Amino acid sequence: MIKRTICIENPCHLKCRNMQMVVNYERIKGYENLPERTVPIEDIGMLVLEHQQITLSHYLLDKLVANNAAVITCNETHHPSGMMLPLESNSIQSERFRAQIEATEPLKKQLWQQTIKAKLSNQAAVLKKWNIQYNYLVKQAQDVKSGDAGNNEAKGAAYYWSHLFPDAWQFFRKREGPPPNNLLNYGYAILRATMARAITGAGLLPALGIFHRNRYNAYCLADDIMEPYRPFVDAIVRGIIDKTSSVETLTQELKVQLLKLPTVDVLLGDETSPLMIATQRTAASLARCYTGEQRKLLYPEMP
């Protein structure tokens, strides 16, 4: 079942009633006449809280995380700033924690090699979609060594970002850089939450990465295995700027397009499935790699 991504942009009260999330506008100045709305908690995969005047009950929060929903908070600029996930979401969690912690360096290097190959291949597919020369990225993908010892990811990134957007944009990928960096940041935050949710659902520790190591980062593993998924965000953003150059402000219309990311179709093996389902299958395949049940990670391809 595809879970829903819900974004709350207006001030409101959120509470739980009969396992339904209730959106209530009572005593909210200017919104008093809006009708109460409800959503089954079991249908929610991600809840994005954008407005600074949203209040919610602890009971609702507990029910959301108990149903493996990712709750994302946003700052005053409407960009995601925090995330809450369940502590327990898999019946054999301790067994998988142990396998993950005991993973050998050679195994982690092989997993990272597969990850970078998949990322570069998908980046090449994005360029191909817009009739941009992509053979350099194909070669970089083919030449990735164990642990990406040749730093092919960085070489590919330099080429990819200098060619993805039209020359007129003079684009440089930087988190705090000018648009459309703001669109990329928002899309990656949604992707990160989707992947973190899948990781906890697979019974893995999101803080223990394959490659990323940061004592202040609680989602190193999500940052690792979301890499091959990033080009799906890039494709959405490239499609947006083909239609409009007015992207300085992250409008509701733009956010709606990016929030549809979990429902985008991806090719996984011989099957097409929504991206949210694909992240769950990727995380499950990683868990099996840690336990020695398989050697290959299941990553998506651009259809």
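# Close-up views of a predicted model

At 8% relative accessibility, tyrosine 290 counts as buried (under 20% relative accessible area, with exposed over 50% and partly exposed in between; 1.4 Å probe, protein chains only). The structure is a predicted model, in which local features need pLDDT of at least 70, side-chain atom pairs count only at pLDDT 80 or more, and totals for chains, interfaces and linings use all residues. Residues are numbered from 1 along each chain as its sequence is written, and side-chain values use heavy atoms, with hydrogens and water left out.

**View 1. Tyrosine 290 and its contacts.** Tyrosine 290 lies in helix 10, residues 275-290. Helices (H or I, at least four residues) and strands (E, at least two) are DSSP runs, numbered from the N terminus. Neighbours within four places in sequence left aside, tyrosine 290 is in contact with Ala99, Gln100, Ala103, Leu107, Leu111, Leu204, Ile210 and Leu221. Contact means heavy atoms within 4.5 Å. The C-alpha atom of tyrosine 290 is separated by 9.2 Å from that of arginine 98, although the two residues are 192 residues apart along the chain.

**View 2. The largest pocket.** The largest pocket has a volume of about 590 Å³. Of its 20 lining residues, Pro80, Arg175, Asn185, Ala189 and Arg192 are the closest to its centre. Helix 6 gives the most, with seven residues. By class, the lining of the largest pocket has eight nonpolar, seven polar and five charged residues. Here Ala, Val, Leu, Ile, Met, Phe, Trp, Tyr, Cys and Pro count as nonpolar, Asp, Glu, Lys and Arg as charged, and the others, Gly among them, as polar. A pocket is defined on a 1 Å grid over the protein atoms alone, as an open set of points where a 1.4 Å probe fits, with protein on both sides within 12 Å along at least five of seven lines; lining residues have an atom within 4 Å of a point. Grid points are joined across faces, edges and corners, and a volume is the space filled by probe spheres set on the points.

**View 3. The second largest pocket.** The second largest pocket has a volume of about 370 Å³. It is lined by 17 residues, and Ile6, Cys7, Ile8, Glu9 and Arg37 lie nearest its centre. Strand 1 (4-8), strand 4 (37-40) and helix 9 (252-259) are the elements that give two or more residues to the lining. Strand 1 gives the most, with five residues. The lining of the second largest pocket divides into nine nonpolar, three polar and five charged residues.

**View 4. Helix 6 and the residues at its ends.** Helix 6 has 21 residues, of which 18 are buried, so it is largely enclosed by the rest of the structure. The end C-alpha atoms of helix 6 are 30 Å apart, which agrees with the 30 Å that its residues should span at 1.5 Å a residue. The expected span is 1.5 Å times one less than the number of residues. In the loop between helix 5 (152-163) and helix 6 lies proline 180. The peptide bond to proline 180 from proline 179 is cis, with omega near 10 degrees. Just after helix 6, glycine 203 takes a positive phi of about 80 degrees.

**View 5. Helix 5 and its packing.** The twelve residues of helix 5 reach 17 Å from first C-alpha to last, close to the 16 Å expected at 1.5 Å a residue. Asn152, Glu153, Gly156, Tyr159, Tyr160 and Trp161 are the buried residues of helix 5. These buried residues pack against helix 3 (105-129), helix 4 (135-142), helix 6 and helix 8 (230-243).

**View 6. Two loop residues with positive phi.** Most residues other than glycine have a negative phi, and most peptide bonds are trans. Methionine 19, in the loop between strand 2 (12-17) and strand 3 (20-24), has a positive phi, near 60 degrees. At 38% relative accessibility, methionine 19 counts as partly exposed. Arginine 27, in the loop between strand 3 and strand 4, has a positive phi near 65 degrees. Arginine 27 is exposed, with a relative accessible area of 73%.

**View 7. Cysteines.** The whole structure has zero disulfides (a disulfide being a pair of cysteine sulfur atoms within 2.5 Å). The sulfur of cysteine 12 is 11 Å from the closest cysteine sulfur, in cysteine 7, too far for a bond. Cysteine 12 counts as buried, at 0% relative accessibility.
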